[in-house]
Amino acid sequence: MLKISKLNAYYDTIPALKGISIDVPKGKIVSIIGANGAGKSTLLKVISGLVQSKNGQIVYQGNNIANLSPDKIVRYGIAQVPEGRQIFIHLSVKDNIHLGAFLYYKRRNKNDINNRIKHVYEMFPILEKRSQQIAGTLSGGEQQMLAIARALMCKPELLLLDEPSMGIAPIIVQEILAVIKQLNKSGTTILLVEQNAKAALEIANHSYVLENGEIALEGLAQELINNPKVKKAYLGG
Amino acid sequence: MDGASTSQILQYLITGITIGSIYAMVAIGFNIIYNVTDIINFAQGEFVMLGGMSMVLFHVILGIPIIIAFLFTIILVTLVGLIVDRFAIRPIRQPSVLTLIIATIAVSILLKGIAMFAWGKDPLDLPAFSGRTPIQLFGAVIQPQYLWVIGLLVVTVLILTFFFEKTIIGKAMRACADNPDAASLVGINVKKMIMLSFSLSAGIGAIAGIVITPISLMEYDRGAMLAIKGFSAVILGGLGSFPGAIVGGLLIGIIESLGAGLISSGYKDAFALIVLLGVLFFKPSGLLGNIEISKIKRF
């Protein structure tokens with residue numbers, strides 16, 4: 001579905017990604033693990049168009065989407081849940097969710113949008129309770145749920161998740177991981193970036209280990225969990 | 001100073017609220033652009049000036065009926081706002097907020113020059129919308145045009161509130177103000193929203209220019225002073241806050257009017273600047289500004 005080949009990206013002159021090649025097959029969960037500064041977030045930002053790449057290709061369903069602007073890439077059905085949530089903190093929860101459907105916001109889609117809102121509220125009931133609240137007043141976990149809900153409003157076929165477990169209570173992390181699995185079951189392909197390597201390896205089919213902007217290891221997630229190198233570096237021995 | 005009677009104070013207040021309504025509209029224009037882009041648009045006063053001048057052109061010189069001339073003027077100035085964004089703001093490569101602000105200064109000088117060539121240097125007059133027979137109220141004199149100014153401020157605020165609170169485009173503009181990257185991730189074209197913010201501000205500036213011209217005339221170089229007063233109102237009310245812009249604008253108008261009447265009309269233009277400095281020294285977040293936000297703001 002998404003095929004990245006020999007991708008390079010720079011912050012000014014400092015290389016952040018060095019010849020990355022990644023394959024995300026349709027219907028799978030692919031995770032990318034790695035330490036701080038390994039380039040995980042940069043990779044997601046390059047896919048969603050927030051960061052420009054230098055050379056290499058990002059082919060999504062046969063189209064090269066490298067270096068299109070983010071608002072165009074969303075139209076292809078790729079939604080990103082950005083690192084640190086990035087919800088619209090001064091807007092209400094409801095408005096945040098409505099804006100997720102910005103591209104489809106036409107009168108004739110009204111029913112469709114309402115159904116989708118119902119769907120995300122079923123997924124995260126707490127958001128319905130808080131729908132009139134200003135988003136900045138939500139807890140970290142609730143904000144993460146809102147960020148996911150907002151991304152789901154544009155009916156993505158490929159969902160990019162950037163560190164959804166960051167700064168969130170473990171019990172909520174479990175809840176969010178369950179939702180990700182459920183989304184995947186209902187047909188959404190998922191590319192997950194995580195520092196929480198254990199969680200990322202547990203739910204993924206295939207995983208990549210990123211180190212200093214390069215792919216250090218790749219393989220079936222089940223195999224990587226038992227790989228001694230991965231165990232030592234990312235799973236705490 | 002001790003000679004000021006109640007009716008005189010009332011007169012100053014009414015005049016102050018009227019002129020303050022204009023400052024409030026200028027301030028709202030500043031805030032719309034600031035909220036979406038972080039830019040202080042120094043050409044905001046020129047939008048007001050162009051509004052007044054174009055209205056004179058359409059209504060007085062070309063003889064177009066007042067309502068149609070009103071619409072033409074708003075459309076024309078809105079287009080100017082759009083052109084400003086398209087040709088002065090968007091082409092700048094690697095924009096920093098500072099370079100963009102300097103670009104708006106250039107635009108303001110350019111618009112002033114164009115207006116001077118187009119309309120000449122003399123102040124232009126526009127007939128008042130409902131005549132100039134004053135209304136007496138407790139010994140104070142109210143020009144019918146005052147009511148138009150205040151009424152149009154109310155209408156503008158109501159329409160804008162509806163736009164930003166209820167429409168998806170308005171919400172999308174607020175989303176850009178909140179977090180441009182996240183806005184682009186849900187499919188909002190941030191550049192279009194910036195263009196829209198310039199057009200909208202220009203349109204509101206035009207309304208202010210149209211209604212104030214019958215009271216105080218309009219000339220090519222009025223923009224700078226209006227911008228300074230409007231900017232003082234923005235800072236007094238709190239940068240980025242719409243209620244703040246209205247409160248700030250009205251207060252600056254009233255302070256100016258009382259100051260000119262009770263102290264000296266020679267210092268009329270100084271009062272707004274004194275308030276501006278005072279706020280910046282003692283409460284930089286303004287009356288209704290968010291302290292949290294003022295900490296992360298770049299200016």
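Author: The questions below set values against definitions.
This is a predicted model: local features need pLDDT of at least 70, side-chain atom pairs count only at pLDDT 80 or more, and totals for chains, interfaces and linings use all residues. Residues are numbered from 1 along each chain as its sequence is written, while chains are lettered from A and ligands numbered from 1 in the order in which they are written.

Reader: What makes up the elements of chain B?
Author: Chain B has twelve helices and two strands. Helices are DSSP runs of H or I with at least four residues, strands are runs of E with at least two, and both are numbered from the N terminus. The order is α-α-α-α-β-β-α-α-α-α-α-α-α-α.

Reader: Why is chain B called as compact as a globular protein of its length?
Author: Its radius of gyration is 19 Å, close to the 19 Å that the globule rule gives for 299 residues, so the label applies. The radius is taken over C-alpha atoms, and the rule is 2.2 Å times the number of residues to the power 0.38.

Reader: How many of the residues in chain B are buried?
Author: Buried residues make up 50% of the 299.

Reader: What makes E4(A) and E5(A) a pair?
Author: Pairing needs at least two DSSP bridges between two strands. E4(A) and E5(A) have two bridges and run antiparallel. Val59(A) stands opposite Asn64(A).

Note on methods
Buried ≥ 20, exposed ≤ 12 C-beta atoms within 10 Å, placed from the backbone.
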